[in-house]
Amino acid sequence: MSAAEPFERSIARWLQQIGDRMGSLRRGKRITQDALAEALGVERKTISRWENGHHPMTVVEVKRIADALKVDPACFFTDNWDALGDSHRPLDGRRGVQGG
């Protein structure tokens, strides 16, 4: 095993966790992949790839996704969702996409 393999596996797990949380938040708000893609100016397949952990997101993209879903960006990075209170709670003053 090379020295890079554990790091690469960790990154893959991390991308999957972020994607899982993104999909969970999106579905919880009843927003389709198509609607989120349109709000972000990306293709639907990009949303799918992010949610499946097959495509990394930049910090800027995470922030834009969080804004569109009206959640704190920390929702994507914590293992303790209870620490955030209601993980689906909208942030005041943020614009998001409508479910559909």
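Student: Let's start inside: which of the 18 residues in the largest nonpolar core touch the most other members?
Tutor: A nonpolar core is a set of buried Ala, Val, Leu, Ile, Met, Phe, Trp, Tyr and Cys residues joined through side-chain atoms within 4.5 Å. Buried means under 20% relative accessible area, exposed means over 50%, and partly exposed is in between, with a 1.4 Å probe and protein chains only. Of the 18 residues in this core, those touching the most other members are Met22, Leu36, Ile65, Leu69 and Phe76.

Student: Which helix gives the most to this core?
Tutor: Helices are DSSP runs of H or I with at least four residues, strands are E runs of at least two, and both are numbered from the N terminus. Each of α1, α2 (33-40), α3 and α4 (59-69) supplies at least two core residues. The top contributor, with five residues, is α4.

Student: Before we go on, what pLDDT do side-chain atom pairs need in order to count?
Tutor: Numbering starts from 1 along each chain as its sequence is written, and side-chain values use heavy atoms, leaving out hydrogens and water. This is a predicted model, where totals for chains, interfaces and linings use all residues, local features need pLDDT of at least 70, and side-chain atom pairs count only at pLDDT 80 or more.

Student: What order do the elements of the protein run in, from the N terminus on?
Tutor: There are four helices and zero strands. Reading from the N terminus, the order is α-α-α-α.

Student: What share of the contacts with a separation of 6 or more comes from residues 24 or more positions apart?
Tutor: A contact means heavy atoms within 4.5 Å. Take the contacts in the protein with a separation of 6 or more: the share from residues 24 or more positions apart is 61%.

Student: And how much of the accessible surface belongs to carbon and sulfur atoms?
Tutor: Accessible areas come from the Shrake-Rupley method with a 1.4 Å probe, and for residues only the protein chains shown count as cover. Of the protein's 100 residues, 32% count as buried. The accessible surface comes to about 6,300 Å², and the part belonging to carbon and sulfur atoms is 50%.

Student: Which residues in α3 meet α1?
Tutor: On the α1 side you have Leu15, Gln16, Gly19, Asp20, Met22, Gly23, Arg26 and Arg27. The contact divides into four nonpolar, three polar and four charged residues, where Ala, Val, Leu, Ile, Met, Phe, Trp, Tyr, Cys and Pro count as nonpolar, Asp, Glu, Lys and Arg as charged, and the others, Gly among them, as polar. Their partners in α3 are Ile47, Trp50 and Glu51.

Student: How is α2 placed against α3?
Tutor: Their axes come within 8 Å and cross at roughly 110 degrees. That makes the pair roughly perpendicular.

Student: Is Gln33 buried or exposed?
Tutor: Gln33 sits in helix α2. Leaving out residues up to four places away in sequence, Gln33 touches Arg26, Arg44, Ile47, Ser48 and Glu51. Its relative accessibility is 18%, so Gln33 counts as buried.

Student: How far apart in space are Ala68 and Leu36, C-alpha to C-alpha?
Tutor: Ala68 belongs to α4 and counts as buried at 9% relative accessibility. Leu36, neighbours within four places aside, is in contact with Met22, Arg26, Ile31, Ile47, Ala68 and Leu69. Ala68 and Leu36 are 32 residues apart in sequence, and their C-alpha separation is 7.3 Å.

Terms used
Axes fitted to C-alpha atoms, helices over the stretch in contact; angles between N-to-C directions. Parallel < 35°, antiparallel > 145°, perpendicular 65-115°, else oblique.
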